[in-house]
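Dear colleague,

Please find below the structure that I am handing over to you.

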Amino acid sequence: MKTKRSIKVRYLALTVFLFVSIAYILVRPTNSADWSLDQQVLPSVTILGNVVTIDNVRNFRYTSENDYTPSYYTGTYDVSKIKSVDYIVEPFGDFSGAAHTFLSFGFEEGKYVAISVEIRKKKGQTFSPWLTFLKQYELMYVVADEQDVVKLRTNYRKDTVYMYPTRIDQAHAKQLFLSMIQRVNELHDKPEFYNLFTNTCTTNIVRHVNEISEVKVPFSYRVLMPGYSDKLAYDLGLLDTTLPYDKIRERYKINDKAMKYADDKDFSLKIRE
């Protein structure tokens, strides 16, 4: 027979559950908050024919991982002159499946621009994968110069970074770039929450690739654990497959070159030599 005390406990638990559920449903993403300095400014895009103009391309100069001079510029890119797309993987932490991934687009005139899908942190926040399920982080597409977004990881975080040239042709590279750039504008107007399963750096890249490619990236644990995503891309033939995977991985590790050419005006070209 149920006691009055047990009934009260269950009633209280149900009340708390309903309250939390309603609060979860009602919370909405925002672009108005006290953001971390490196993520305060959202990029925005104007497209006129083949010419894409991106305002607020991030180009910070670092003296350490957490010390930097903020800087942004307006970049103009002719999508008819895209010549390459690189897939970049930054493993981190003790778990081999943990990694950040992003893309960098190269143009005939020697320009490179990277697009990195990240959490948008408020001041004082640190990343916790579990908090992504509680709508604690917004999603942001960082559009950045490689002197910023690559060198931050290789030279200051000291993470291992692999920069793989993809086998995408120019027509599909153009479509991929435009797909990602249009999403930059969408997020500028309609913010979203980052979610560890459904809305991450790698799931967004997969979504863009599957929009434009005949080779579809399947749902896989190697997408949810992006430290393994380069092997998935290799198996699908999306990356250089002229050597066994382990040798390809070693070939495209860029840390030594990033350190050697840190202050070189041709940094992006030198790390690809």
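In these notes, a residue counts as buried when its relative accessible area is under 20%, as exposed when it is over 50%, and as partly exposed in between. Please bear in mind that this is a predicted model.

By that cut-off R222, at 16% relative accessibility, is buried, whereas D235, with a relative accessible area of 41%, is partly exposed. The side chains of these two residues form a salt bridge, with a distance of 3.0 Å from N to O. Because R222 belongs to helix α6 and D235 to helix α7, the pair ties together parts that are 13 residues apart in sequence.

A second pair joins R251 to D240, with their closest N and O atoms 3.5 Å apart. Here R251 sits in helix α8 (residues 245-251) and D240 in the loop between α7 and α8, so this contact links parts that are eleven residues apart in sequence. D240 is buried at 13% relative accessible area, while R251 is partly exposed at 44%.

The salt bridges number 16. Among them is the pair K270 and D264, at 3.0 Å from N to O; D264 is partly exposed, with a relative accessible area of 22%.

The largest pocket has a volume of about 1,100 Å³. Its lining comprises 37 residues, and F92, H100, I119, F127 and R157 are those nearest its centre. Strands β7 (99-107) and β8 (112-120), together with helices α3 (151-156) and α6 (221-224), each contribute at least two lining residues. By class, this lining consists of 21 nonpolar, seven polar and nine charged residues.

The second largest pocket holds about 400 Å³. It is lined by 26 residues, with T166, V209, S213, V217 and L238 closest to its centre. Helix α5 provides the largest share of this lining, five residues. The lining divides into 17 nonpolar, six polar and three charged residues.

With kind regards

How values were computed: Residues numbered from 1 in each chain as written. Predicted model: local features only at pLDDT ≥ 70, side-chain atom pairs only at ≥ 80, totals over all residues. Heavy atoms only, no water. 1 Å grid on protein atoms, 1.4 Å probe; cavity = no way out; pocket = protein on both sides within 12 Å on 5 of 7 lines; lining within 4 Å. Points joined across faces, edges and corners; volume = space filled by probe spheres on them. Helix = DSSP H or I, 4+ residues; strand = E, 2+ residues; numbered from the N terminus. Nonpolar A, V, L, I, M, F, W, Y, C, P; charged D, E, K, R; others polar. Salt bridge = Lys/Arg side-chain N within 4 Å of Asp/Glu carboxyl O. Buried < 20%, exposed > 50% of the residue type's maximum accessible area, 1.4 Å probe, protein only.
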